[in-house]
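Please view the sequence and the model together while reading the points below.

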Amino acid sequence: MFTEKILFTEQECKWLLDHATEYAESTVSYDFERSESLTRVPNPKDRISQQCELGEPKGALKEFLIEKLKPIGIVNLDKAFLNYVRYFKGGHFAKHIDGPERYKTCIIQLTDPKKYSGGNLIVNDSIIGKETGNTVIFGSNIPHELTLVEEGQRDVLVVWTAKGNTLEKNTLI
């Protein structure tokens, strides 16, 4: 199960991208066939991308994200982790789950879909919309993948939340 909504304007996506200043080549791949504790595997040939790991959000960025992400249930970002990912032609991400130390995965589409082709985000076998500002949130144990980027560049902001960052619905049985 996932929730998907367009929450950010193109201008806000540019503002978010301005916070990613130092990218490093990414050499980690994810192997869905392994146990949850062994999903991260060094593999320099598996994908073509860069990452800018910001860690726990702070200041104006944190407050902005909390306000914008409220409609999908995020109420705070204490102990959350921000990771900007830039995929180039040939970049992809095999079907995987995010490790057990993460609670929910939130992915914000920052690039105009006219600037790249391919690169479909698939969550639990459903294709997620590519509109600029589109945001999806799902349990970090849900299988997801990114298909091959055929042309251009695709930028996203990944927010990994911790338990307690989201408003949970209580149900009585």
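A residue is called buried when its relative accessible area is under 20%, exposed when that area is over 50%, and partly exposed in between (1.4 Å probe, protein chains only). The model is predicted, so local features need pLDDT of at least 70 and side-chain atom pairs count only at pLDDT 80 or more, while totals for chains, interfaces and linings use all residues. Residues are numbered from 1 along each chain as its sequence is written, and side-chain values use heavy atoms, with hydrogens and water left out.

**Overall composition**

- The secondary structure comes to 2 helices and 14 strands; helices (H or I, at least four residues) and strands (E, at least two) are DSSP runs, numbered from the N terminus.
- Of the 173 residues in the protein, 48% are buried.
- The protein exposes about 9200 Å², and carbon and sulfur atoms supply 52% of this area; accessible areas come from the Shrake-Rupley method with a 1.4 Å probe, and for residues only the protein chains shown count as cover.
- Among contacts (heavy atoms within 4.5 Å) between residues at least 6 apart in sequence, 80% join residues at least 24 apart.

**An open sheet**

- Four strands form an open sheet in the order β7-β13-β10-β11, with antiparallel pairing; two strands pair if DSSP finds at least two bridges between them.
- The edges of this sheet are β7 (93–96) and β11 (126–127); each has a single partner strand, so one side of each is left without a neighbour in the sheet.
- Strand β10 (residues 121–123) pairs with β11 in the antiparallel sense over 2 bridges, and V123 stands opposite S126 in β11.
- The loop between β10 and β11 holds D125, whose phi is near 70 degrees, a positive value in a residue other than glycine.
- D125 is exposed, with a relative accessible area of 61%.

**Aromatic pairs and charges over rings**

- Rings of Phe, Tyr and Trp (its six-membered ring) pair if their centres lie within 6.5 Å; planes under 30 degrees apart count as stacked, over 60 as edge-to-face and the rest as tilted.
- By this rule the count comes to 4 aromatic pairs.
- In one of them, the ring centres of W15 and F64 are 4.8 Å apart and the planes stand at 65 degrees, so the pair is edge-to-face.
- Because W15 lies in helix α1 (residues 10–18) and F64 in helix α2 (residues 59–69), this pair ties together parts that are 49 residues apart in sequence.
- W15 is partly exposed, with a relative accessible area of 32%.
- Y87 and F93 also form an edge-to-face pair, at 6.5 Å centre to centre and with 75 degrees between the planes.
- Both members of that pair are buried: Y87 has a relative accessible area of 6%, and F93 has 11%.
- One aromatic cluster is formed by F8, W15 and F64.
- A charge sits over a ring if NZ of Lys or CZ of Arg is within 6 Å of the ring centre and within 35 degrees of the ring normal.
- K68 lies over the face of F8, at 5.7 Å from the ring centre, and R86 lies over the face of Y23, at 4.1 Å from the ring centre.

- The buried residues of α2 are L61, K62, F64, L65, I66 and L69.
- These buried residues pack against α1, β5 (49–55), β6, β8 (104–109), β12 (134–139) and β14 (149–161).
- K79 lies in the loop between α2 and β6 (81–88), and its phi is near 65 degrees, a positive value in a residue other than glycine.
- At 69% relative accessibility, K79 is exposed.

**T161 and its surroundings**

- T161 lies in strand β14 and is buried, at 2% relative accessibility.
- Leaving aside neighbours within four places in sequence, T161 is in contact with I74, A80, R102, Y103, K104 and T166.
- T161 and T105 are 56 residues apart along the chain, and their C-alpha atoms are separated by 6.4 Å.

**Cysteines**

- A search of the whole structure finds 0 disulfides, a disulfide being a pair of cysteine sulfur atoms within 2.5 Å.
- C13 is buried at 0% relative accessibility, and C52 is buried with a relative accessible area of 3%.
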